[in-house]
Amino acid sequence: MAAASPPGAPRSTAIPARPAIKYCSACGSDRLELRVPDGDTLPRFVCGACGTIHYQNPKVVVGCLPEFGDQVLLCLRAIEPRRGLWTLPAGFLENGETLTAGAVRETLEEANARVAIGNLYTIISLPQISQIYMMFRAQLLDRDFGPGPESLDVRLFDEDEIPWEDLAFRTIGRTLRNYFLDRKLGTWPTRVSALERRAPRPELSGAA
């Protein structure tokens, strides 16, 4: 029996929509059905031939915010999505990889930069696309950096130079805004938040 949540604990907001699975990865059968398995509480794809339950869990995106003095390092994306926009070095965590190792690898791949990883800084949930961003603060070890295969450009920015209107992802904008605020305050909490899907803007009616 699953343990009851303590009073006041946030309830799961798991969404029913999920990518369809066409074939069982265990036996190759196409007899898959979406149902709640015995002892579970959420619908899963279950193979009608061999009984394998196919769990689909969130992807972890890991990266860092490289600091060099009062500047931060950003990469100009060379790939979709958001090609031509600025981001912090980050990407999907690989199997068998630790969070810090993934952050170091992504920074080297995207910016040819070497960093000393610091504390975990932001954890941002994106439930609508089943992703979790985990970003570390990091110290850039030298100025010997440059674009990797996934970047068009890599630069150091002062706070007043950040291209806020040309950031690739909302997660990056939130991380940077928190960073500059916390730097002013002189405190560095681990910030945990969520970004929900933006509601479409209502159409403006004509003037009366």
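## Cysteines

Cys64 is buried, with a relative accessibility of 0%; buried denotes under 20% relative accessible area, exposed over 50%, and partly exposed in between, for a 1.4 Å probe and protein chains only. The model is predicted, so that local features require a pLDDT of at least 70 and side-chain atom pairs count only at pLDDT 80 or more, whereas totals for chains, interfaces and linings use all residues. Residues are numbered from 1 along each chain as its sequence is written, and side-chain values use heavy atoms, with hydrogens and water left out.

The structure contains zero disulfides, a disulfide being a pair of cysteine sulfur atoms within 2.5 Å.

| Cysteine | Nearest cysteine sulfur | Distance |
|---|---|---|
| Cys47 | Cys27 | 3.7 Å |
| Cys64 | Cys75 | 8.9 Å |

Cys47 is also buried, at 3% relative accessibility.

## Chain architecture

The protein chain has two helices and 11 strands. These elements are DSSP runs numbered from the N terminus, with helices (H or I) of at least four residues and strands (E) of at least two. Along the sequence, their order is β-β-β-β-β-β-β-α-β-β-β-α-β. Of the 208 residues in the protein chain, 36% are buried. Where contact means heavy atoms within 4.5 Å, 60% of the contacts in the protein chain between residues at least 6 apart in sequence join residues at least 24 apart.

## Backbone features in loops

The loop between strand S5 (71–77) and strand S6 (86–87) contains Pro81. The peptide bond leading from Glu80 to Pro81 is cis, with omega near 0 degrees. Arg82 is found in the loop between S5 and S6 as well, and has a positive phi of about 70 degrees although it is not a glycine. The relative accessible area of Arg82 is 42%, so this residue counts as partly exposed.

Ser130 is another non-glycine residue with a positive phi, near 55 degrees. It is located in the loop between strand S8 (115–126) and S9. Ser130 is partly exposed, at 33% relative accessibility.

## The largest pocket

Rolling a probe the size of a water molecule over the atoms shows where empty space is left. The search uses a 1 Å grid over the protein atoms alone; a pocket is an open set of points where a 1.4 Å probe fits, with protein on both sides within 12 Å along at least five of seven lines, and lining residues have an atom within 4 Å of a point. Grid points are joined across faces, edges and corners, and a volume is the space filled by probe spheres set on the points.

The largest pocket holds about 820 Å³ of space. Its lining comprises 32 residues, of which Arg82, Tyr133, Ala168, Phe169 and Thr171 lie nearest the centre. Strand S7 (90–92), helix H1 (99–111), strand S9 (131–140) and H2 each give two or more residues to this lining. H2 supplies the largest share, five residues.

By class, the lining has 15 nonpolar, six polar and 11 charged residues. In this classification Ala, Val, Leu, Ile, Met, Phe, Trp, Tyr, Cys and Pro are nonpolar, Asp, Glu, Lys and Arg are charged, and the others, Gly among them, are polar.

Thr175 is part of helix H2 and is buried, with 1% relative accessibility. Leaving out residues up to four places away in sequence, Thr175 touches Leu65, Leu88, Tyr121, Thr122, Ile124 and Met135. The side chain of Thr175 forms a polar contact with that of Thr122 at 3.3 Å. A polar contact is a pair of N or O atoms within 3.5 Å; within protein, one must be able to donate a hydrogen and the other to accept it, and residues adjacent in sequence count only if both atoms are side-chain atoms. The side chain of Thr175 also reaches the backbone oxygen of Thr171, at 2.9 Å.

Glu159 occupies the loop between strand S10 (151–157) and helix H2 (170–185). With a relative accessible area of 28%, Glu159 is partly exposed. Apart from its neighbours within four places in sequence, Glu159 is in contact with Trp164, Phe180, Arg183 and Lys184. The side chains of Glu159 and Lys184 make a polar contact at 2.8 Å. The C-alpha atoms of Glu159 and Arg177 are separated by 9.6 Å, the two residues being 18 apart along the chain.
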